[in-house]
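Colleague: I'm new to this one and would like to learn how to read it. Could you walk me through it?

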Amino acid sequence: MNNISFNKFYRKFNILSLILIITSLIFLIIKGLNYGVDFKGGTLIELRTNDKTNNITMIRDSFNQMNLGDVSVKKFGNETDFIVKFEKQNSNDPEFIKNIQNKLSSSIGDVDFRRVENVGPKVSSELLKSGIIAISLSLAAMLLYIWIRFEWQFSLGAILAIFHDVIITLGIFSIFSLEINLSIVAAVLTIVGYSMNDTVVIFDRVRENLRKYSDIKIFELTNISINETLSRTIITSVTTLLALLSIYLFGGEILKGFSLAMILGVIFGTYSSIYIANPVLVALNVSQRTIVKEEKD
Amino acid sequence: MLYFSKLRIISVIIFTIIFSYFALSNFTKLDDRFFSKNINLGLDLQGGSYLLLEIDNRPVITQRLQAKIIELKRYFKDKEISLKNFSLNGDIITFEAQEQDLEQVSKLLNDKESDINQYYQSYKSHEFDVIENNNLFNLNYSRYGLVLLKNASLDQAIEIVRRRVDEVGTNEPNILKRGNDRILVELPGLDDPNRIKSLLGKTANLTFQFITQNSEESFGTEKLSFEDEDREAIVSKRIILSGDNLVDAKPTMNSQTNETVVSFSLDRVGAKKFGKATSTGVGKQLAIILDGKIISAPTVREPIVGGSGQISGNFTFQSATDLALLLRSGALPAPLNIIEERTVGPDLGQDSIDAGILSLIIGFLLVIIFMIYKYRAFGLIANLALITNLFLLIGILTLFEATLTLPGIAGIILTVGMAVDANVLIFERIKEETKSEKNPIIAFDAGYTKSRTTILDANITTLIAAFILFFMGSGPVKGFSVTLGVGILTTLFSVYFIARLLTSLYVVKNKEKEQLL
């Protein structure tokens, strides 16, 4: 059996988490998120050039001449692959994309459009709305589930842990200007599920131990429970991270953002089930009476 | 309970074999529809175009309101009630009634049996909302009146869209309603959506109207410009013939002028109308107008009575083919706007499949090696469960012909990583139990029983997230939620049937050993 004194560091890590959350919130409020075309509207073109001498500047210059609003060009995996994003979306003009391709071919040589995404302002605001609703709904559903399964002190701990993970993950996306698109929403939802999963496993053990030992204080009891479930926590995080790492490294450029968000989420999810969820139980002074009272009802 | 009945063992094996068979059938090329099913690949994997179209209903509403004014005038005239000052302000019809008629007009408009303002029993609403202000009446579409109008125009539009897409002949297009003013068009395998986009972007409202110099024409006149020149012409508003009367159109070569034209044939009514108009209009110019632009305006040399004719107008063979196609498929009730487009080229799709499979294999191997390193014999059992799990997951997706997307593949890999969790929970619990319990069979049994609620709790939370994603997400992301959700179910099956069966066999056989786990 492991015996690490996790509880000695509750306070220190809580302060660290608080700093991380505040920093994330400041970035989220002031800098905001870097929305992709899914949520901002506009056009995204993934292109492959046949000419290896083409560089970002050349491509940006030729796009800038076309009067398409704000243009951003980024390398995308391969030497010859680029992602171009610009504000203008004119999907109603059937020739719009074709014209761009023709102009581009005449200025930098043959290009192949591997992917085109063109999202109008109405659709993008709807997608953003439904993304926010989906995340809120899943938080609410988790809250409801854990409320039914556990006592309110536990629900509060689990929910705080989830908020912690989601806010910090989004904060990191804001700080490094990583793109938020539909698949990031999927990642955030999965993080919510994973973080919950991890917290529930420890809480189940805390509850079991509360029944078993009436004379151990919650401060010590959480530590025992964390240690008892520690090897499971580590093994599951490792296998999940191995799978995610494999997606990140070999799954292609399109899945990079998704797998990165998930990797961050798993790391913070594991951390928060130990250092956010459990200190909440300590702070609320959960004891054997908390669960016994509940069971009598 | 480590004991398994024979029946249970056999059914688990049969179940597993059936789904593994379906999983494997993706890689065989049998022609049998039932025994060889395939997972559908999403547009992001097989390449193709996704178009979301929105109907612009404003012109339809205006048209209907104008028609309604005429209907109202006629209706009240028949009832010998005189109304005056009809006007259309935006979407509101306004008219005045005389003092003594107010009550009757109001009754006719608000009656549930009303002929002029239909009442829908199922919606508990009239077609129009009526607001009275002294002797002024304001009529505008009620919420449900508008819904019905939009639904009707969507039904009509989707039919036309289907005809146009079918005519182009792409393989297995998917055309669906979205809400009451949107149409989703999925075109698998289509690399270049430009042609379809330009075909769907045209209303294709075809009319034949005479060009006139006389602006005092009784039907009124309008100034229209030519399609490919900067010229304008004044045409009479009287419509001789419209696209509705066309029964066929095809591109042909005019042997005299050697140019490509679109030849058309008319139905009986159309032929009669056309014959009559051309015989009275010899010497006049007849403008052929498509969506408010004059394509050409040939001079009528002789009456055309055969019910067929030609449209000329600097066509290439392609543009003549497209025009013929548009005319054959009919006019859209209202213009369609493309509000979202996503196109993935086939080679990018293939790259995504390759990358997805590579990362699946690597992720899978990493997890398998880690589990053997950690648990030895039991790691092997967990891995066997994991492999079965993968077969079941792919088998179920195949059986239901679910759509696999790139995020869906990510969901499968994630399932691989998270599926071992349940076995880990059980094994760790068993380890704890063996400390206090010397009999391995009892310890193993306790390990399974005591971890059950935790495993259920943990999986239900992920299932909730998958569910919400399924209902809120769109396209590729939906594919992720499907694999994630199905993955949880197959995980529970493989853990509680496959792994448990193997564990019990192993434990019973090696119960004399000192440390099993």
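Predicted model: local features only at pLDDT ≥ 70, side-chain atom pairs only at ≥ 80, totals over all residues.

Colleague: Which domains does the assignment give for chain A?

Modeller: Domain bounds come from an automatic or database domain assignment. For chain A that gives domain 1 (6–34 + 123–296) and domain 2 (42–119). Their C-alpha centres lie 40 Å apart.

Colleague: How many residues does the contact take from chain B and from chain A?

Modeller: Two residues are in contact if their C-beta atoms, placed from the backbone, lie within 7 Å. Here chain B gives 57 residues and chain A gives 54 residues. On the chain B side, α9(B) supplies the largest share, 14 residues. Helices (H or I, at least four residues) and strands (E, at least two) are DSSP runs, numbered from the N terminus.

Colleague: How do the residues on that side of chain B divide by class?

Modeller: Ala, Val, Leu, Ile, Met, Phe, Trp, Tyr, Cys and Pro count as nonpolar, Asp, Glu, Lys and Arg as charged, and the others, Gly among them, as polar. The side of chain B that touches chain A has 31 nonpolar, 16 polar and ten charged residues.

Colleague: What is the strand order in the sheet of eight strands?

Modeller: Two strands pair if DSSP finds at least two bridges between them. This open sheet runs β3(A)-β4(A)-β2(A)-β5(A)-β20(B)-β2(B)-β10(B)-β9(B), with antiparallel pairing. Strands β5(A) and β20(B) are joined by five bridges, and A:Asn118 stands opposite B:Glu341 there. On the chain B side, eight bridges join β2(B) to β20(B), with B:Tyr50 opposite B:Arg342.

Colleague: Why is one side of β3(A) and of β9(B) left without a neighbour in the sheet?

Modeller: β3 (71–75) of chain A and β9 (174–178) of chain B stand at the edges with a single partner strand each, so one side of each has no neighbour in the sheet.

Colleague: Which helix lies across β2 and β5 of chain A together with β20 of chain B?

Modeller: Axes are lines fitted to C-alpha atoms, for helices over the stretch in contact, and angles run from 0 to 180 degrees between N-to-C directions. The helix is α9(B), running at about 85° to β5(A).

Colleague: And what is the order of the sheet of three strands in chain B?

Modeller: That open sheet has the order β15-β16-β19, paired antiparallel. Its edge strands are β15 (246–254) and β19 (308–315) of chain B. Eight bridges join β15(B) to β16(B), and B:Asn254 stands opposite B:Glu259. Helix α8(B) lies across β15, β16 and β19 of chain B, at about 170° to β15(B).

Colleague: At what angle do α10(B) and α13(B) pack?

Modeller: About 140°, with their axes 8 Å apart. Angles under 35 degrees count as roughly parallel, over 145 as roughly antiparallel, 65 to 115 as roughly perpendicular and the rest as oblique. Helices α10(B) and α13(B) are therefore oblique to each other. Their contact has 16 nonpolar, eight polar and no charged residues.

Methods: Residues numbered from 1 in each chain as written. Chains lettered and ligands numbered in written order.
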